[in-house]
Amino acid sequence: MFGLSFEKLFLVAIVAGLVIGPQRLPLYTHHLAELIRSFRSFIDAYRSRAETEIGISRKELEALDVRRYDPRRIVRTALTETPATAVESPADAAADLEAEAGRVRPGQKYVVTGGSAHPRRVLISSLPEDDPRRLAAHVPPAAADDETELLLAEVNRLLETSTP
């Protein structure tokens, strides 16, 4: 502090002892100790008053890293980091869509996307034509000449005729 080393402070104490004299030295050291105590109490009172006015405790203030709010650092990290959407490969995205398509029921109108904190309902008809979720929700219209209907009718007829 102030460029004073232990040796310099020791030299000042010896000179003060010689100048003040051995009779008055304990009195002056007592006054110096009181001055230091009053200065410390003033600093502590000011610090506690500042904490109450600011609303942040000393530990929270010391834990606050001011360097993280440096605009140059924010811009640098924003430019060097790759976005999370660009990191995901197309194969992973397709696998995620297929997994979501497995949870879609035929005739479903909406699909829920996003995280649990911010879910989003998306209309299935607004999805692209080749989206697996849209294909899973598709219900073909019933037609009179539908092959499945004809096959079911034929199976039912055969079952009725074969039963004795």
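Which helix does Pro-132 lie in? Pro-132 belongs to helix α7, which covers residues 132-137. Helices here are DSSP runs of H or I of at least four residues, strands are runs of E of at least two, and both are numbered from the N terminus. The model is predicted, so local features need pLDDT of at least 70 and side-chain atom pairs count only at pLDDT 80 or more, while totals for chains, interfaces and linings use all residues. Residues are numbered from 1 along each chain as its sequence is written, and side-chain values use heavy atoms, with hydrogens and water left out.

Pro-132 is partly exposed, at 25% relative accessibility; buried means under 20% relative accessible area, exposed over 50%, and partly exposed in between, for a 1.4 Å probe and protein chains only. From C-alpha to C-alpha, Pro-132 is 9.2 Å from Ala-99, although 33 residues separate the two in sequence.

The chain as a whole holds eight helices and two strands. Read from the N terminus, their order is α-α-α-α-α-α-β-β-α-α. Of its 164 residues, 8% count as buried.

The two strands come next. Strand β1 (residues 110-113) pairs with β2 (residues 120-123) in the antiparallel sense over four bridges; pairing requires that DSSP find at least two bridges between two strands. Together they make a hairpin with six residues between the strands, and Gly-114 in the turn has a positive phi of about 90°. Tyr-110 is bridged to Leu-123, and Val-111 to Val-122. Over the face of Tyr-110 lies Arg-121, 3.9 Å from the ring centre; the rule asks for NZ of Lys or CZ of Arg within 6 Å of the ring centre and within 35 degrees of the ring normal.

Helix α1 (residues 6-20) holds Phe-6 and Phe-10, four residues apart and so separated by about one helical turn. There is one aromatic pair by the ring rule (centres within 6.5 Å). Phe-6 and Phe-10 form this pair, 6.4 Å centre to centre with 20° between the planes, and are stacked; planes under 30 degrees apart count as stacked, over 60 as edge-to-face and the rest as tilted. Phe-6 is exposed, with a relative accessible area of 65%.

Note on methods. Phe/Tyr/Trp six-rings, centres within 6.5 Å; stacked < 30°, edge-to-face > 60°.
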